[in-house]
Amino acid sequence: MALTDDQWIAEARRQLAATGSWDIPVTPAAVRPPDAATEAPLPCPNCGRELEIFRRYEVLATEPLRWCPGCFGFWARGDALSAGVADPADDREALFAAEVPARCRSCDKGRLDAAGVCRGCGWTRPALACPSCGAPMGRDTVKGVELDACATCRATWFDIGELGRTYGLARPQSLAAAIVDETAGPTDQDLMLTAARVLLGMFLRLPF
Ligand SMILES: [Zn+2]
Ligand SMILES: [Zn+2]
Ligand SMILES: [Zn+2]
């Protein structure tokens, strides 16, 4: 299967990061771009909106990472997170959104605790349905964070903010700051001073 240039570069970087070396040609077996067209739309288990593929550049996996643009939840099935969560410069808001306790659907006032129980009326949220197979999801602890998961589909649902907490995501440095850091060093000033000295020397040597 042919790789695009972007996929080839990303695969080479992935190999380099994982093993410290890389082979030519890059083995394409592990890289199967997600084919969203062949799969029925998956519903958000939280708000019902259609999940979308969270586009990434550097990170390649056989499964795409999906997200809900409505409630900022993430759906990671199979190896979707095996090579990382997002590109290093990715500053999309959904990755860094703060966790928000879910609102009670019974009294509509109270907030649910970590176990899904309303602090106001005691209503317990039923298990979320797996977006992929529809079965009620169980609970699973990933890196110390309790999450909804479907064992059958090998998939995990992250409510808003949970992906960031689980993987310790930090907002990347802004592009403007990065440019300033790279170009505004003393090196440029030194070059300008050198150029000025050369010009001054030429000027002083002019025969008046
Ligand atoms: Zn949603
Ligand atoms: Zn309630
Ligand atoms: Zn499932």
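Here follow questions and answers on a predicted model of a protein chain with zinc ions.

Local features need pLDDT of at least 70, side-chain atom pairs count only at pLDDT 80 or more, and totals for chains, interfaces and linings use all residues. Residues are numbered from 1 along each chain as its sequence is written, chains are lettered from A and ligands numbered from 1 in the order in which they are written, and side-chain values use heavy atoms, with hydrogens and water left out.

Reader: How far does helix H1 reach from its first C-alpha to its last?
Author: H1 covers residues 5-19, which is 15 residues. The expected span is 1.5 Å times one less than the number of residues. That gives an expected 21 Å, and the helix comes close to it, at 21 Å.

Reader: Which residues hold the zinc ion (ligand 1)?
Author: Donors are N, O and S atoms within 2.8 Å of the metal (3.2 Å for Na, K and Ca); water is not among the atoms, so sites may look incomplete. The spacing of the donors along the chain is C-x2-C-x20-C-x2-C. Cys44 sits in the loop between H1 and S1 and Cys68 in the loop between S2 and strand S3 (74-77), a pair linking distant parts of the chain, 24 residues apart. At 2.2 to 2.3 Å from the ion, the SG donors belong to Cys44, Cys47, Cys68 and Cys71.

Reader: Are Cys44 and Cys68 buried or exposed?
Author: Cys44 has 4% relative accessibility. Cys68 has 0%. Cys44 counts as buried, and Cys68 likewise counts as buried.

Reader: What is the arrangement of donors around the zinc ion (ligand 1)?
Author: Four donors count as tetrahedral if all angles lie between 85 and 135 degrees; four count as square planar and six as octahedral if opposite donors are over 155 degrees apart and all others between 65 and 115; anything else is irregular. Here the angles are 98 to 129 degrees, so the arrangement is tetrahedral.

Reader: How many residues apart in sequence are the parts tied together by Cys107 and Cys121 at the zinc ion (ligand 2)?
Author: The SG atoms of Cys104, Cys107, Cys118 and Cys121 lie 2.3 to 2.4 Å from this ion. Their angles of 105 to 116 degrees make a tetrahedral site. Cys107 and Cys121 both lie in the loop between helix H2 (93-96) and strand S4 (138-142), so the parts they tie together are 14 residues apart.

Reader: Which spacing do the donor residues of the zinc ion (ligand 3) show in sequence?
Author: The SG donors are Cys130, Cys133, Cys150 and Cys153, 2.3 Å from the ion. Angles of 106 to 112 degrees make the arrangement tetrahedral. Cys130 is buried at 3%, whereas Cys133 is partly exposed at 41%. The spacing is C-x2-C-x16-C-x2-C.

Reader: How many residues apart in sequence are the parts tied together by Glu93 and Arg171?
Author: A salt bridge is a side-chain nitrogen of Lys or Arg within 4 Å of a carboxyl oxygen of Asp or Glu. Glu93 and Arg171 form one at 3.2 Å, N to O. Glu93 lies in helix H2 and Arg171 in the loop between helix H3 (162-167) and helix H4 (175-183), so the pair ties together parts that are apart by 78 residues.

Reader: Which residues are joined with Arg139 and Asp148 into one network?
Author: Arg139 and Asp148 form a salt bridge, with the closest N and O atoms 2.9 Å apart. Asp148 is buried at 3%, while Arg139 is partly exposed at 37%. Through salt bridges that share partners, the network also takes in Arg125 and Glu146.

Key
Helix = DSSP H or I, 4+ residues; strand = E, 2+ residues; numbered from the N terminus. Buried < 20%, exposed > 50% of the residue type's maximum accessible area, 1.4 Å probe, protein only.
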